[in-house]
Amino acid sequence: MGAMDDIRNIVVLTGAGISAESGLRTFRADDGLWEDHPVEQVATPAGFRCDPDLVQRFYDQRRVDVRAANPNAAHLALGELYARWKDELLIVTQNIDDLHERGGAARVLHMHGEALSAWCTTCDARHRWFGTLRDRPPCPVCGQASLRPDIVWFGEMPYRMGEIYAAIGRADLFVSIGTSGAVYPAAGFVEEARRVGARTLELNLERSLGSNQFDETRLGMASTLVPDWVGEILASQALRL
């Protein structure tokens, strides 16, 4: 990326590729299935209306999978960056796991929701949730049996978009890690970063669909690329302090 000593504000976008090395499968396979289910069945409001039991069982298993996974070297490196970076750092993730938080990053925006959260569609309360939802437990706030996975499904608006775009507007560097570049609006963040003059870096196993939008692309495993990049950016910070 050349000299990095003028970088102050960083936005990092992460996708399924960063958690794949922790044993969590990517969102959608090449055959269009998510965990062997058509996405339309388990990741749309229509699918939930059609077969709520299937959808609740599906996300009950996702909670089990997330809790069984552990942060890998990429999550831990970003946690170190979060702890040591002196200026602004925002991690935006498309992932529904909590591996960034367990890796040490305290401020993470989950634009597609969280596996370990339940949303009451009656009173709009959200609850940290580790158990099942398939048995229709009551909402701890209003008592109604109207909890659903706190996941942004296809056709729904991602969370906290205003905060994300505001952070990109202040960014000197935008970094995309483990993303396919296929799912909007996240796939358009690099264009917004370029529009405001931020430098752009892609760290990925293979080139994304939007790879030509980045100033630099580095290919390889996230567990190798991310710690190396974090070491570089922290060294640049040390030189200017």
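Where do E192 and R195 lie, and how many residues apart are they? E192 and R195 are both in helix α8, three residues apart, which is about one turn of the helix. Helices (H or I, at least four residues) and strands (E, at least two) are DSSP runs, numbered from the N terminus.

## About the model

This is a predicted model, in which local features need pLDDT of at least 70 and side-chain atom pairs count only at pLDDT 80 or more, while totals for chains, interfaces and linings use all residues. Residues are numbered from 1 along each chain as its sequence is written, and side-chain values use heavy atoms, with hydrogens and water left out.

## Salt bridges

The side chains of E192 and R195 form a salt bridge, with 2.8 Å from N to O. A salt bridge here is a side-chain nitrogen of Lys or Arg within 4 Å of a carboxyl oxygen of Asp or Glu. E192 is buried at 19% relative accessible area, whereas R195 is exposed at 60%. These words have cut-offs: buried is under 20% relative accessible area, exposed is over 50%, and partly exposed is in between (1.4 Å probe, protein chains only). Salt bridges that share partners also join D98, R102, E114 and R128 into one network.

The whole structure has 18 salt bridges. One of them joins D53 and R136, at 2.8 Å from N to O. This pair links distant parts of the chain, for D53 is in helix α4 (residues 52-68) and R136 is in the loop between β7 (126-128) and β8 (147-151), 83 residues apart. D53 is partly exposed at 36%, and R136 is partly exposed at 33%. Within helix α5 (residues 73-84), R84 and E80 lie four residues apart, about one turn of the helix. Their side chains meet in a salt bridge of 2.7 Å, N to O.

## Aromatic rings

The count of aromatic pairs is five. Rings of Phe, Tyr and Trp (its six-membered ring) pair if their centres lie within 6.5 Å; planes under 30 degrees apart are stacked, over 60 edge-to-face, and the rest tilted. The rings of F58 and Y59 have centres 5.0 Å apart and planes at 80°, so this pair is edge-to-face. F58 is buried at 4%, and Y59 is buried at 2%.

Y59 also pairs with W153: the ring centres are 6.1 Å apart and the planes are at 40°, so the pair is tilted. Y59 belongs to helix α4 and W153 to the loop between β8 and α7 (161-170), 94 residues apart. W153 is buried at 2% relative accessibility. Ring pairs link F48, F58, Y59 and W153 into a cluster.

Charges also sit over two of these rings. The charged end of R62 is over the ring of F58, 4.4 Å from its centre, and R148 lies over the face of W153, 3.7 Å from the ring centre. The rule is that NZ of Lys or CZ of Arg is within 6 Å of the ring centre and within 35 degrees of the ring normal.

## Cysteines

How many disulfides does the structure hold? It holds zero, a disulfide being a pair of cysteine sulfur atoms within 2.5 Å. For C120, the nearest cysteine sulfur is that of C142, 3.6 Å away. C120 is buried, with a relative accessible area of 0%. The sulfur of C123 is 3.7 Å from the closest cysteine sulfur, in C139, which is too far for a bond. C123 is partly exposed at 31%.
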